[in-house]
Amino acid sequence: MIAHGIVHKYGDNVDTDVIIPARYLNTANHKELASHCMEDIDKEFTSKVNVGDIMVGGANFGCGSSREHAPIAIKESGISVVIAETFARIFYRNAINIGLAILECPEASAKIDAGDDVEVDFDTGIITNHTKTEQYKAQPIPPFIQEIIAKGGLLASIK
Amino acid sequence: MGMTMTQKILAAHAGLESVCAGQLIKARLDMVLGNDITSPVAINEFKKFGFSEVFDKNKISLVMDHFVPNKDIKAAEQTKQCRTFAKTFGIENYFDVGDMGIEHALLPEKGLVGPGDVIIGADSHTCTYGALGAFSTGVGSTDMAAGMATGEAWFKVPSAIKFNLTGKLSDNCSGKDVILYIIGKIGVDGALYKSMEFTGDGMHTLSMDDRLCMANMAIEAGAKNGIFEVDDITIKYYEERMTHPYTVFAADEDAEYDEVIDIDLSAIRPTVACPHLPENTKDASELTDIKIDQCVIGSCTNGRLSDMEIAAKILRGKHIAEGVRCIIIPATQSIYMECIKRGYIEIFINAGCAVSTPTCGPCLGGYMGILAADEVAIATTNRNFVGRMGHVTSKIYLSSPATAAASAIKGYICDPNEL
């Protein structure tokens, strides 16, 4: 599987309150959640994001609340993969459970800039930055988790 | 090699002799928790995949607390969905307006969580129950749905940081000051994916309310769970309200820790976390000219009876500063009732504070105390992220109930010892 798109870049400790503010959690509607995605740190995000685009963050991405609405909002916005130096653990779990691709790669997180044209090969974990003609290698996804993803998410895997 | 306390609980619940850090296991669950925000997403998934029953009607708790009493029509619809689900599937522990409380104050109070349990909750502060010597961690709604269906969850066994507490807290300091101090020291990802195990002579001097407050904020250091050694205080607390048998687990003598951090409780001063991360800590006495617009005393971190007692002691016979709004929220109905009996509510109202029925409301910027642009709040809540309590330019300072109450009187952030 390949993801290819333009990068939206954020810093360290992007918390779930800025990914989707709690004032919008009175709905579980995916489209409505996506319409407020990143609103409190990037007002332009929803108007500039295109299907297939890539989100890059720093350390501890997705920290804070356990709201699954956060990865749902990002996925529904059209983001194909989130790359970060590290992820907060609940966000990491939630992303896998709902089928949002995520990769830990400190080098990519440090070197990729907003607007870069980036391609990700999930089979090899190779991240190619076409803008900077660089390649980075992501941490491989543990086999157990690959299995959940392959089966179409956690509930599909236990059903 | 020996196991940490968390590892021993996980091994027992996975039916294994031993586990080690990094191992992936499937563990049996003693409680699955959701609230009015996270449960609807779980219920939708549960139904979508066609599950026809829950694994155990007694081992699921649904607590309506975030936007309850309903703040608007959409919130009302979400609560209605939870109410219907609870009725349809015969969920025993469903708590709605009138008997609800903030989930992480309510479950320990009702004896629904106890030593040695494995608990997951679709709320990040589910780590609170580690105060009782349980393995308890926050998950998302899909994990909650899977937990309700199967009674199991998968975990990567965490390594641990051991916090060896010594000494005794000084005047006007409480568990909140300790956990803010620790987060300030190790950072918001200082315990990422790990357990924080609290032990040492100093630990035994801490009340259950102090421990619940500290375990509650383990997530703010990125931890998978926070857990306290079980002692007489734990046993007494649980046995007074227990709903099911318990097992005491203790870390092995030769358990391996990533790090051991010594904390001298007597050296900790009233501590405040400045905007916009819980790791931005300072002694309250260092903050000299931070004027506040609002003070919130409550939440799953600090809405317990001892927190109300501390606030009442400071506010008794005083009045909050002009221009300050102070909102006090006892975390459960029984705490609220006890506050009435003890005369705390009268003290709060005479001091110019607003008192509310239990709700998470302002902590997450839901309702009941939203901040306008550029406003400043001191709050006994757990997060001070950008926009958490309202407008994106508003600011939140996190503190203990003593520091918050003293600051409300002064109108500026202050050390409660200065009053």
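Q: Which residues do ring pairs link into a cluster in this predicted model?
A: The model is a predicted one. Within chain A, ring pairs join several aromatic side chains into a cluster. Its members are A:Phe61, A:Phe87, A:Phe91 and A:Tyr92.

Q: How many aromatic pairs does a search of the whole structure find?
A: The search extends over all chains. Rings are paired if their centres lie within 6.5 Å. The total is 12 aromatic pairs.

Q: Is the pair of B:Phe46 and B:Phe89 stacked or edge-to-face?
A: The ring centres of B:Phe46 and B:Phe89 are 5.4 Å apart, and their planes stand at 90°. Planes over 60 degrees apart count as edge-to-face. B:Phe46 belongs to helix α2 and B:Phe89 to the loop between α3 and β4 of chain B, 43 residues apart, and both are buried. The angle of 90° therefore makes the pair edge-to-face.

Q: What is the arrangement of the rings of B:Phe163 and B:Phe198?
A: The centres of these two rings are 5.3 Å apart, with an angle of 25° between the planes. Planes under 30 degrees apart meet the criterion for stacking. Because B:Phe163 lies in strand β8 and B:Phe198 in strand β9 of chain B, the pair ties together parts that are 35 residues apart in sequence. Both residues are buried, and the arrangement of their rings is stacked.

Q: Which residue has its charged end over the ring of B:Tyr237?
A: A charged end sits over the ring of B:Tyr237, 3.8 Å from its centre. The residue that supplies this charge is B:Arg241.

Q: Is B:Glu375, the salt-bridge partner of B:Arg325, buried or exposed?
A: B:Arg325 and B:Glu375 meet through their side chains at 2.9 Å, N to O. B:Arg325, at 34% relative accessibility, is partly exposed. The limit for burial is under 20% relative accessible area. At 15%, B:Glu375 is therefore buried.

Q: Which residue of chain B is linked with A:Asp17 and A:Arg67 in a network of salt bridges?
A: The network joins A:Asp17 and A:Arg67 with a residue of chain B.

Note on methods. Residues numbered from 1 in each chain as written. Chains lettered and ligands numbered in written order. Predicted model: local features only at pLDDT ≥ 70, side-chain atom pairs only at ≥ 80, totals over all residues. Heavy atoms only, no water. Salt bridge = Lys/Arg side-chain N within 4 Å of Asp/Glu carboxyl O. Buried < 20%, exposed > 50% of the residue type's maximum accessible area, 1.4 Å probe, protein only. Phe/Tyr/Trp six-rings, centres within 6.5 Å; stacked < 30°, edge-to-face > 60°. Helix = DSSP H or I, 4+ residues; strand = E, 2+ residues; numbered from the N terminus. Lys NZ or Arg CZ within 6 Å of the ring centre and 35° of its normal.
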